[in-house]
Amino acid sequence: MALVEAIPGTESGLQHLRAEERSRILVVDDEAVICDILRDFLEFEGFWVRTANGGEQALDAFASESFDVVLTDLKMPGVDGLGLLKRIGELERDAATVIMTGFGTVETAIEAMKQGAFDYILKPFKPEDVVRVLRRALEKQRLERENFALRETVGFYELSEALSSSMTLDEQLKMVVELVRDSFGADGVGIITEEPKTPGRYLPRISCGNAGVTARVDRLIEAFLAGGQVLASGEDVTSWVDNVVTAERSVASFMAAPLKIRGATFGLLTAFSTRRGFRFTEGQRKGLTIFGGRAATAIENARIYQNLQDTFTQTIEGFARALEAKDPYTHGHSDRVSMYARLIASAMELPPAEVTRIAHGGYLHDIGKIGIRSNDLNKPQKLSPEEYTMFKSHPVQGKRIIEPIAFLSHLVPSVLYHHEAWDGSGYPEGLAGTEIPFEARILAVADSYDAMTSNRPYRKALPHDIALVEFKRCAGRQFDPEVVKAFLKSIDNHRRQRRAQGLPVPD
Ligand SMILES: [Fe+2]
């Protein structure tokens, strides 16, 4: 009895497909003639075919390649059809298995189906029967893969939700890269972004396991701009990656997703695998796109936040400049008070956001003087009681100016209370000790040090050493002793650093 019936002359419309696009069939039979006939026929039908003359050889092929369907004889020496089925299951490959069997072993074939084989074909068979079974197996597999891809995608979405906006940008991007690596079995993952100040220039932002593998950024961006998707395996990888093969490894599969904000592409998320025969799936590519979306949002949010911060700092520096423009004696005073306040706050080991807030308070602390005629105050003689009252109103004036401005209102305590004294003798409210907001206690020291060491209309600048003696004397009276301690601890080093940079310091 012939093992394979005559091959009818059929025309196939699938032969134009490239190797990567064809379904991959592994034919396993210890009879070489069956392998040869099936290969010829299936290739003619547009399949990509590899043959193996036994279970061991089939498993060798599996080690380096992946297949969509395995068409295997049941009875073979060594690893037989059932054994092969079992090993494929252990490898967690999603290849569908079709058993070829003679009439006497139908029961074993049914047993094979119970173990997960898709179907069996009785020998002798017509080649078109084989094709029919293969097509059904491929269709079922396609549906299963789609289903799996959908579940994967939902899973990736949930994973990406784990990214918290309370994390820093670097933490978020590191998490994206690690989630992609772990979820997709990638060996290398990278994020590449366009330099905001040099459009068209892309630099690696963060990566893991990427050594020596360089994505062809220009081509990828071009593909994404044209609305394309990037998922490549085998030889196609060379279109997207330089140095695909090196002595250490060979890139087997590559995928990339664009980083986009409001439709504009400004970067890439890339992943590759060096596992031989490995292919990223369409579901994983979609998952990568979800992660790319999260990374893009995180980067954009960080940029917006930084812009806001910059605008904020520029605004309050602008206020300080406006104040100093009308009073030559206070030129640079706000900058220096801000600098000393930052020095003290850092020495007190306050959180960075607090240090910044206190430094901003330094810029704005005297903003209330903007409404006071400086000619009246900048005179060598003592101020009259009325003038002194007017001068003392500047903290309250300052509060009135900034309180209605929502993004400055958190600086009100600095502005309103920087002339309060630790012993309660200050103004405007005569608060004492810890009743005085701590930022105002810090500003009091910073402000007084700069006032003492600068020239004023009514007196010359005091030397630095004398100012320090004064602070020691007034700690616990005018000033918070802890703040004075932090100032004394840090000022000498600060002066050394300024001198080393060629910057001025009080004598
Ligand atoms: Fe003041």
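Strand 4 (residues 96–101) and strand 5 run parallel and are joined by four bridges, where strands (E, at least two residues) and helices (H or I, at least four) are DSSP runs numbered from the N terminus, and two strands pair if DSSP finds at least two bridges between them. The model is a predicted one, in which local features need pLDDT of at least 70 and side-chain atom pairs count only at pLDDT 80 or more, while totals for chains, interfaces and linings use all residues. Residues are numbered from 1 along each chain as its sequence is written. Valine 98 has aspartate 119 of strand 5 as its bridge partner. Helix 4 (residues 106–114) packs on the sheet, where it touches both strand 4 and strand 5, contact being defined as C-beta atoms, placed from the backbone, within 7 Å; the direction of helix 4 makes about 175 degrees with that of strand 4, with axes fitted to C-alpha atoms, for helices over the stretch in contact, and angles running from 0 to 180 degrees between N-to-C directions.

The open sheet comprises five strands in the order 2-1-3-4-5, with parallel pairing. Strand 2 (48–52) and strand 5 (119–122) each have a single partner strand, so one side of each of these edge strands is left without a neighbour in the sheet.

At the level of domains, whose bounds come from an automatic or database domain assignment, the chain is divided into domain 1 (19–150), domain 2 (166–301) and domain 3 (326–500). The centres of domain 1 and domain 2, taken over C-alpha atoms, are separated by 34 Å, and seven residues of domain 1 contact ten residues of domain 2. Helix 5 (residues 127–161) contributes three residues, the largest share of the side of domain 1 that touches domain 2.

Conventions. Contact = placed C-beta atoms within 7 Å.
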